[in-house]
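Take a guided walk through this structure. Look it over, then follow the paragraphs below.

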Amino acid sequence: MAVINKMAKAGSVESNDILVMMSPGDGGIDLEIESIVYNQYGDDIKKTILDTLKEENITDVKVIINDKGALDFTIRARVKACIRRGSVQDV
Amino acid sequence: MNYLNNFNIDSIKVIDKSEYPTKGQKKNKVTENIDDLFKELNIKDGSVLSFHHHLRNGDHVTNLILKQVQKLGIKDITLVASSLFPTNKELIPLLKDGTIKNVVASYISGELAEAISHGELKGNIIMQSHGGRARSIANGELKIDVAFIASPSSDDKGNISGVNGINSCGSMGYAIADSMMSEKVVAVTDSLVEYPNYPTDITEDYVDHILLVDSIGLKSGIVSGTTQVTKDPIGLKIAKDTLKVMEASGLLKEGFSYQSGAGGISLAVTSFLRDYMLENDLKGGFASGGITGYLTDMLEEGLFESLYDVQCFDLEAIESLKKNPTHLRMSASQYGNPEVSAVVDNLDIVILGATEIDTDFNVNVMTGSHGMLMGGSGGHQDTAAGSKLSIIVSKLFSSRIPLIKDKVDVITTPGTTVDVLVTERGICVNPLRQDLIKQFNEAKLNVVDIKELKEYSEEIMGKAKPIEKTDRVIGISEYRDGKILDYIYEVK
């Protein structure tokens, strides 16, 4: 099980992209979403992020999202990249 | 002349010498005092005031005049503005205090548009096309009490020129019907020049008063911000495919006529068209619409015989209008009035944008993905109806905002007048145009069914939740002939 142990970010706030920011959680998943298409796709975006966190076995994280209309595969890729960056142990 | 049919013409009295005319100067038209001017104009509760948008987001005149109306406590004004821009957010308090009751416009964007979408108008908003606006003014359906004409220059008798003055805007096509039909006409200018001011866009015989102000606008806001060819490779692909569509249609022949909007993809189409015309030694007839430097270059290169210009989008267009005799001015009525002979009826090809399009090819360019007003027909309806081939260019995937829908939010242009949609994932042809489908298939273009393209885009993007609206109708989308196309609803 991966653990987010430091602040990390992935993505950008360009059109069609998404900025994902993660930091260590307080014992659960805390998700904040801001999106230009929140009214149309807010639930879809939330589901994609939670599904990806589950796949990666992340259960304790604070996630802040700034979405500029990214498609599902972009969201998944950015979430996964952010997990890699946030869970790397310092050596 | 009621004596024309009078058989006893000798019974009519000849005037007495005491009634003979005297020579003399007519009344001075110029004033710098807005309070004095308003005393003469007799604007009252419910008056209808008109403005044009040639100064676009740089315009100071609309806000200045309407704030004076507010100061005098006049209520329930109908604001007839050819377009309203973000700079007009200063008018939001005038909706709330009842100074402005109704709005009639062809395009509206910015915070004022959002306030109206949220139901801030006491009355209604009527959205017209450019040609529809000219029609309703010219035929007397829309009666204007006072037209305030933002004038880049005027002489002391009211000869207005759009190419002279520090805030020159070029052609003044959208103000012509207002100047001819309004009860009173006020030229508002910051540049009073020697008589006669020429070339004249609006002549002195139509102008009653001249209000001299410090500044009618801000030059930087007058030039539109959308006049650059797109650099986006997807946009460029769409533009290239659009050129193939034009070629396959068989309309690209000697003397053809052309119009495109000033959006990035549309300009790219114009740019590729130029290359094509040079390569194939092809010469067009006229290009029309809002004119950009891309078109004036093509005029000067001899690729087009003439330009019909209703409004200048950039400084190059204004310069060209000054110096090129084949760069012609046109009024909004000559451009697109459906009740008269109009330039759009002679158009072969028009390139247009779309915010949304449904599977019957109905187009929305009036409201955005949140259902809020953020545009309007402009010449969309007029050119789609008049042209032999109307092409919508748009990205299928753009920031997850769906392009193709089962039903568009507000119908701006009816699908019966829209022929082709070009996207990066294929070309859709209106089933009403079987002739084009045949031609495009012969040319081996990537023709796809619009319903299939919609399903494909929903597979990738997901199905969008419908925009939430209240049941309250706040206005209507009018067709160019005055018929009602659709309702505009208040946004939650």
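Where is B:Arg56 found in chain B? The model is predicted, and it places B:Arg56 in the loop between strand S2 (48–51) and helix H2 (61–71) of chain B. Phi of B:Arg56 is near 45 degrees, a positive value in a residue other than glycine. B:Arg56 has 6% relative accessibility, under the 20% cut-off, so it counts as buried.

Turn to chain A. A:Asn16 sits in the loop between strand S1 (8–11) and strand S2 (18–24) of chain A. Its phi is positive too, near 70 degrees. A:Asn16 counts as partly exposed, because its relative accessibility is 32%. Most residues other than glycine have a negative phi, and most peptide bonds are trans.

Chain B also has cis peptide bonds. One joins B:Tyr195 and B:Pro196, with omega about -5 degrees. Another joins B:Tyr198 and B:Pro199, with omega about -5 degrees. B:Pro196 lies in the loop between strand S9 (184–189) and strand S10 (209–212) of chain B. B:Pro199 is found in the loop between S9 and S10 of chain B.

The largest nonpolar core has 68 residues, and B:Ile116 and B:Phe148 touch the most other members. Strand S6 (residues 146–151) of chain B gives the most to this core, five residues. Domain 1 (30–222) and domain 2 (233–467) of chain B both contribute, so the core lies between them. Among the residues that B:Ile116 touches are B:Leu95, B:Leu373 and B:Ile474. A second, separate core of 51 residues includes A:Ile4, A:Ile45, A:Ile58 and B:Leu403.

Terms used:
Residues numbered from 1 in each chain as written. Chains lettered and ligands numbered in written order. Predicted model: local features only at pLDDT ≥ 70, side-chain atom pairs only at ≥ 80, totals over all residues. Heavy atoms only, no water. Core = buried A, V, L, I, M, F, W, Y, C linked by side-chain atoms within 4.5 Å. Buried < 20%, exposed > 50% of the residue type's maximum accessible area, 1.4 Å probe, protein only. Helix = DSSP H or I, 4+ residues; strand = E, 2+ residues; numbered from the N terminus. Domains from an automatic or database assignment. Contact = heavy atoms within 4.5 Å. Lists of a residue's contacts leave out its neighbours within four places in sequence.
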